[in-house]
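Hi,

Here is the structure I promised to pass on. Have a look at it first, and then read on for what turned up.

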Amino acid sequence: MTDIIKSIEEVENSFKEIAINYVLIKNFNDREEDFNEILKLIPKKWIIKLNLLIENSKNELKKSIYIDKWYEELLKQGYNVKKFI
């Protein structure tokens with residue numbers, strides 16, 4: 001992931017804005033350590049778009065219940081964050 005972030009940073013001046021779409025998945029990427037990793041990796045000048053997983057009957061993955069918590073915490077940290085549910 002850090003290689004991707006570095007690559008984006010190298011060309012970010014070519015874009016009006018950079019937005020990261022983050023799909024929150026229960027017990028997969030919605031834990032506290034995942035949140036802390038986002039804080040380390042994503043610059044505050046980028047937009048973070050929080051999305052819930054769209055579940056279906058064949059999908060073993062479940063949507064996270066923490067989207068509101070993440071949204072509030074990212075705002076407190078000074079991020080431009082949008083929530084899609």
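To get your bearings, in which helix is the place of Glu 73? Glu 73 sits in helix H3. Before going further, please keep in mind that this is a predicted model.

As for how much of Glu 73 shows, its relative accessible area is 27%, and because buried means under 20% and exposed means over 50%, Glu 73 counts as partly exposed. Glu 73 and Phe 35 are 38 residues apart along the chain, and their C-alpha atoms are separated by 9.2 Å.

Two elements give two or more residues each to the lining: helix H2, which runs over 32–41, and helix H3, which covers 67–76. The space in this pocket comes to about 180 Å³. Sorted by class, the lining has five charged residues, three nonpolar ones and one polar one.

**The rings**

Next, the aromatic side chains. How many aromatic pairs does the structure hold? There are two.

One of them is Tyr 22 with Trp 70, a stacked pair with 5.2 Å from centre to centre and 25° between the planes. Tyr 22 belongs to strand E1 (residues 19–24) and Trp 70 to helix H3, so this pair ties together parts that are 48 residues apart in sequence. Tyr 22 and Trp 70 are both buried.

Phe 35 and Trp 70 make an edge-to-face pair, with 5.2 Å from centre to centre and 85° between the planes. This pair also links distant parts of the chain, with Phe 35 in helix H2 and Trp 70 in helix H3, 35 residues apart.

Is Phe 35 buried or exposed? Phe 35 has 10% relative accessibility, so it counts as buried. Trp 70, with a relative accessible area of 4%, is buried too. Put together, the ring pairs join Tyr 22, Phe 35 and Trp 70 into a cluster.

**One more thing**

There is also a contact between a charge and a ring to look at. Lys 83 has its charged end over the ring of Tyr 71, 4.9 Å from the ring centre.

Cheers

Conventions: Residues are numbered from 1 along each chain as its sequence is written. This is a predicted model: local features need pLDDT of at least 70, side-chain atom pairs count only at pLDDT 80 or more; totals for chains, interfaces and linings use all residues. Side-chain values use heavy atoms; hydrogens and water are left out. On a 1 Å grid over the protein atoms alone, a cavity is a set of points where a 1.4 Å probe fits but cannot get out, and a pocket is an open set with protein on both sides within 12 Å along at least five of seven lines; lining residues have an atom within 4 Å of a point. Grid points are joined across faces, edges and corners, and a volume is the space filled by probe spheres set on the points. Helices (H or I, at least four residues) and strands (E, at least two) are DSSP runs, numbered from the N terminus. Ala, Val, Leu, Ile, Met, Phe, Trp, Tyr, Cys and Pro count as nonpolar, Asp, Glu, Lys and Arg as charged, and the others, Gly among them, as polar. Buried means under 20% relative accessible area, exposed over 50%, partly exposed in between (1.4 Å probe, protein chains only). Rings of Phe, Tyr and Trp (its six-membered ring) pair if their centres lie within 6.5 Å; planes under 30 degrees apart count as stacked, over 60 as edge-to-face and the rest as tilted. A charge sits over a ring if NZ of Lys or CZ of Arg is within 6 Å of the ring centre and within 35 degrees of the ring normal.
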